[in-house]
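This note is written for a colleague who is meeting the structure for the first time. Please keep the sequence and the model in view while reading the points.

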Amino acid sequence: MGNLGNKNPLNSNWGSVCFNDSDCFGQKSRSRLEHNSCKSCGSCDSACNCDFKAPARQLAAPLNSDCVLVNSVVGSKVVQKVAEATFPFTAFVPVITPGSTINNVVVTPNLAGVVRNTRILRDKVVNIGLLPVTIVVTFTPPGSTTPAPPATLTTNLPFQEHTDFPGACPQDTVIESPFEVEGSFAQPGVPVIGTAGAGAGLVTLNAILVKVILRTTITVTRQVIVDPHGGICDVNERRCETPTTPTTSTLGTLPSA
């Protein structure tokens, strides 16, 4: 082929891209009359009418059957869990003076550090765990009118819950939404047995009960096979058989306080 020089349509400048005639408001039709060469396929000043198509998608491999595996929802319910523990005055730093007046207790849960262990029994979901908290107590020592420096304790509140869940069976799957705190409560003056010094073995009121109410949604699912006609069969048809001995389980180790 000869050298077309500057008349080579491939050397022309690109115009603004558009995808149909309406985008150009008549510019494309005028361009076709004014230019004999293709300036830029698909642009408003082009004399060419190009139809761009994406390559057809292809399956990597044929399917082996026309059945599908899906998660069937056994049930879903909102439940509450209570995390609580009683702490003697001696557990705080600095130690709260025995007989002090408790002015205020602030409980700050750390939801990011929650540890949960969940198991399913027949018709029941069992949940055990720990909620990390920081407890700050302001108090006035006995015989004084001036509050002492705040006392602090960082620890874990244990919680456990057994939720009735009709239809749930071992080998089902449990999904729990992130915990939300519904409320935190503190009750000073709770009886506690002394463990050291002259007060060892004696019952005193130098303790604080801390309670946090948590809310979550428990959803139990089960894998089933669905055929093209809507027929459903369980992946494990024996999952709900009652064991001959009660279920026992050693859960994962919980972190120390």
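The numbered points below move from the basis of the model to its overall build and then to single residues.

1. Basis of the note. The model is predicted; local features are given only at pLDDT of at least 70, side-chain atom pairs count only at pLDDT 80 or more, and totals for chains, interfaces and linings use all residues. Residues are numbered from 1 along each chain as its sequence is written, and side-chain values use heavy atoms, with hydrogens and water left out.

2. Confidence. The predictor's confidence in each residue is expressed as pLDDT, on a scale from 0 to 100. For the protein chain the mean pLDDT is 80, and 70% of the residues reach 70 or more. Over residues 4-22 pLDDT stays under 50, and the model has 26 contacts beyond four places in sequence for this stretch; a contact means heavy atoms within 4.5 Å. Residues 25-37 also stay under 50, with 19 contacts beyond four places in sequence. Where pLDDT is low, the predicted coordinates should not be read in detail.

3. Overall build. The protein chain has 2 helices and 11 strands; these are DSSP runs numbered from the N terminus, helices being H or I of at least four residues and strands E of at least two. Along the sequence the pattern is α-α-β-β-β-β-β-β-β-β-β-β-β. Of the contacts with a separation of 6 or more, 72% are between residues 24 or more positions apart.

4. Burial and surface. Buried residues make up 28% of the 257 residues in the protein chain. Here buried means under 20% relative accessible area, exposed over 50%, and partly exposed in between, with a 1.4 Å probe and protein chains only. The protein chain exposes about 16700 Å², of which carbon and sulfur atoms supply 56%; accessible areas come from the Shrake-Rupley method with a 1.4 Å probe, and for residues only the protein chains shown count as cover.

5. The aromatic pair. The structure holds 1 aromatic pair. The rings of Phe 159 and Phe 179 have centres 5.6 Å apart and planes at 90°, so the pair is edge-to-face. Rings of Phe, Tyr and Trp (its six-membered ring) pair if their centres lie within 6.5 Å; planes under 30 degrees apart count as stacked, over 60 as edge-to-face and the rest as tilted. Phe 159 belongs to strand S5 (residues 151-164), while Phe 179 is in the loop between strand S6 (173-176) and strand S7 (180-188), so the pair ties together parts that are 20 residues apart in sequence. Phe 159 counts as buried at 2% relative accessibility, and Phe 179 counts as buried at 8%.

6. Charges over rings. Arg 116 lies over the face of Phe 179, at 4.1 Å from the ring centre. The charged end of Lys 77 sits over the ring of Phe 165, 5.2 Å from its centre. The criterion is that NZ of Lys or CZ of Arg is within 6 Å of the ring centre and within 35 degrees of the ring normal.

7. The loop between S1 and S2. Which peptide bond is cis? The bond joining Val 93 and Pro 94 is cis, with omega about -5°, and Pro 94 lies in the loop between S1 and S2. Ser 100 also has its place between strand S1 (68-88) and strand S2 (101-109); at 12% relative accessibility, Ser 100 counts as buried. Leaving aside neighbours within four places in sequence, Ser 100 is in contact with residues including Phe 89, Phe 139 and Pro 142.

8. Positive phi values. Asp 123 is not a glycine, yet has a positive phi of about 65°. Asp 123 is in the loop between strand S3 (115-121) and strand S4 (124-140) and counts as partly exposed at 32% relative accessibility. Gln 171, likewise not a glycine, has a positive phi of about 80°. Gln 171 lies in the loop between S5 and S6 and is exposed, with a relative accessible area of 59%.

9. Arg 119, in strand S3, is 52 residues from Gln 171 in sequence and 9.2 Å from Gln 171 in space, C-alpha to C-alpha. Thr 221 lies in strand S10 (residues 207-226) and is buried, with a relative accessible area of 9%. Beyond four places in sequence, the contacts of Thr 221 include Asn 71, Val 73, Asp 172 and Ile 175.
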